[in-house]
Amino acid sequence: MASSYDFLLTTLAEHIGQHKKILVGFSGGLDSSVLLHLLVRLRIQAHQLSCERIALRAIHIHHGLNPKADLWVEHCRQVCADWQIDFRTEKVALNTRQHGIEAAARNARYHAFQHELQQGEVLMTAQHLDDQAETFLLALKRGSGPAGLSSMPSRMPFAGTTLIRPLLSISREELEAYAQAQKLQWVEDDSNQDDRYDRNFLRRNIMPLLNQRWPHFPQAVSRSASLCGEQEQLLDELLEEFLHSLMTSEGAIAIPPLENSSEAKRNALLRRWLNQCGVKMPAREQLQRIWSEVALARQDAEPRFRVGQQDIRRYRQQLWLVPQYQNLAGSLLEWDLQQELTLPDRLGTLLCAKEKRIENGVQNRIENSMTVRKPNRHEQVTVRFGVQGNISIVGRQHSRHSKKLWQELGVAPWLRERIPLLYYNEQLIAALGVFITKEGQSLPDDEGISVQWQRTTLHT
């Protein structure tokens, strides 16, 4: 009986190729049970043929959503013990604030997969033909374009390695027939019967009607998804060189060339820019707002548009993708210069040492250090963030308003409140790494101090 399902083994072997280290997402359900069983059979074949052994590991994600979840973990553990597979389980917490339960569970799963993958290991998951058709219809419901309608690729880059979905051409009916023939045991998630979830609604109410009317509907949908994927791949190739010419070394994208492009081309370029930055594909309406509210905002504005956990900002005729930083304006830290000072929001630390090297009172930078005058014993030293008003700095004859000064010195708006400001009492002495005020300069033959800002992360 098993020989009638050799095409499944052949399909799997073609997807594996030369990969010999495999991590399998193992829920214990029908699909992943079949995938794991097929991989065990391939491992046996490789051993019989004296080929390089296939190293199999399985990971089960415990979402904590079902009262039976602990029983599923034990089932998966026992299956892996019986089949001599290294087993891991990971309990995850779901963040449902921005997305629904389904999306939150999926995000948690793939985050756990990413964390568990070892060097040289590929990830395999068990989505099948019917899953692909459902994914296509869900994307259609959301109004997705070709990128969304391309659904799930059988192979894609993931976490520095490869995610492989070898069963996308196999129907659930074929998988169930194989499982019954092999007398496999699997768990049934009763939440799959809950029509409140969109995928369950499609699976229980819509797909049976479509399959009854058009028996090859899933295969047709899969072909359409593949064609959409090919169109997206072609656009990637055609736009790659132009997109590269628009992007700076810091990852920003130039606005003026986009103004001369058609809306369709501009949207395609913006989508690819955001994708390269790791941002989830925005809707068409979001792209229109990014362009009109950020790129085309008045010149003296400081617009921003939130996408996920980041902001799109405009600076010097470029669009920048910026983390959502903690608001530090108004923060005040007292600093004992004999001690290292830890800055907030992962900005790093400040160190202080005596400095004899003075160059005519001009800002002195040695390994991210600045030399300023030493405070007298009546002056309290503090570090603050966010400055307003006129400032006189070393090297400039006249004072300038802080906003104009930041602009002239090339400090982006979102960084201006993240520059540590050194104060003696209420007197601004320096913006560390940027400028020294005339009140903070160390005169010739004075005993100055060297303030070093050690940054722990990049904040651009």
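Two strands pair if DSSP finds at least two bridges between them. In this predicted model, strands S8 and S9 run antiparallel and are joined by 4 bridges.

**Open sheet**

- The sheet is open and has 4 strands, ordered S7-S10-S9-S8, with antiparallel pairing.
- Its edges are formed by strand S7 (253-254) and S8, each of which pairs on one side only.

**Second largest pocket**

- The second largest pocket has a volume of about 500 Å³.
- Its lining comprises 27 residues, and those nearest the centre are Arg304, Pro413, Trp414, Arg416 and Glu417.
- Two or more lining residues come from each of strand S8 (304-307), strand S9 (310-315), strand S10 (318-323) and helix H13 (402-408).
- Which element gives the most to this lining? Helix H13 does, with 3 residues.
- By residue class, the lining divides into 10 nonpolar, 8 polar and 9 charged residues.

**Helix H5**

- Helix H5 covers residues 129-141, 13 residues in total, and reaches 19 Å from its first C-alpha to its last, close to the 18 Å expected at 1.5 Å a residue.
- The helix is mostly covered, with 11 of its 13 residues buried.
- The buried residues are Leu129, Asp130, Asp131, Gln132, Ala133, Glu134, Thr135, Phe136, Leu137, Leu138 and Ala139.
- Against which helices do the buried residues of H5 pack? Their partners are helix H2 (30-48), helix H6 (146-149), helix H7 (172-181), helix H8 (198-213) and helix H9 (217-246).
- After H5 comes Gly143, which has a positive phi near 80°.

**Glu285 in helix H12**

- Glu285 belongs to helix H12, which spans residues 284-295.
- Is Glu285 buried or exposed? Glu285 counts as exposed because its relative accessibility is 52%, and the cut-off for exposed is over 50%.
- Glu285 and Leu239 are 46 residues apart in sequence, and their C-alpha atoms are 22 Å apart in space.

- Strand S19 (residues 427-431) has 4 of its 5 residues buried, so it is largely enclosed by the rest of the structure.
- S19 pairs with strand S18 (residues 421-424) in the antiparallel sense over 4 bridges. In this pairing, Tyr424 stands opposite Gln427 in S19.
- The hairpin of S18 and S19 has 2 residues between the strands, and Asn425 there takes a positive phi near 55°.
- S19 also pairs with strand S20 (residues 435-436), again in the antiparallel sense, over 2 bridges. Ala431 has Phe435 in S20 as its bridge partner.
- The hairpin of S19 and S20 has 3 residues between the strands. Which residue of this hairpin takes a positive phi near 85°? Gly433 does.

Definitions and conventions:
Residues numbered from 1 in each chain as written. Predicted model: local features only at pLDDT ≥ 70, side-chain atom pairs only at ≥ 80, totals over all residues. Heavy atoms only, no water. Expected span 1.5 Å × (residues − 1). Buried < 20%, exposed > 50% of the residue type's maximum accessible area, 1.4 Å probe, protein only. Contact = heavy atoms within 4.5 Å. 1 Å grid on protein atoms, 1.4 Å probe; cavity = no way out; pocket = protein on both sides within 12 Å on 5 of 7 lines; lining within 4 Å. Points joined across faces, edges and corners; volume = space filled by probe spheres on them. Nonpolar A, V, L, I, M, F, W, Y, C, P; charged D, E, K, R; others polar.
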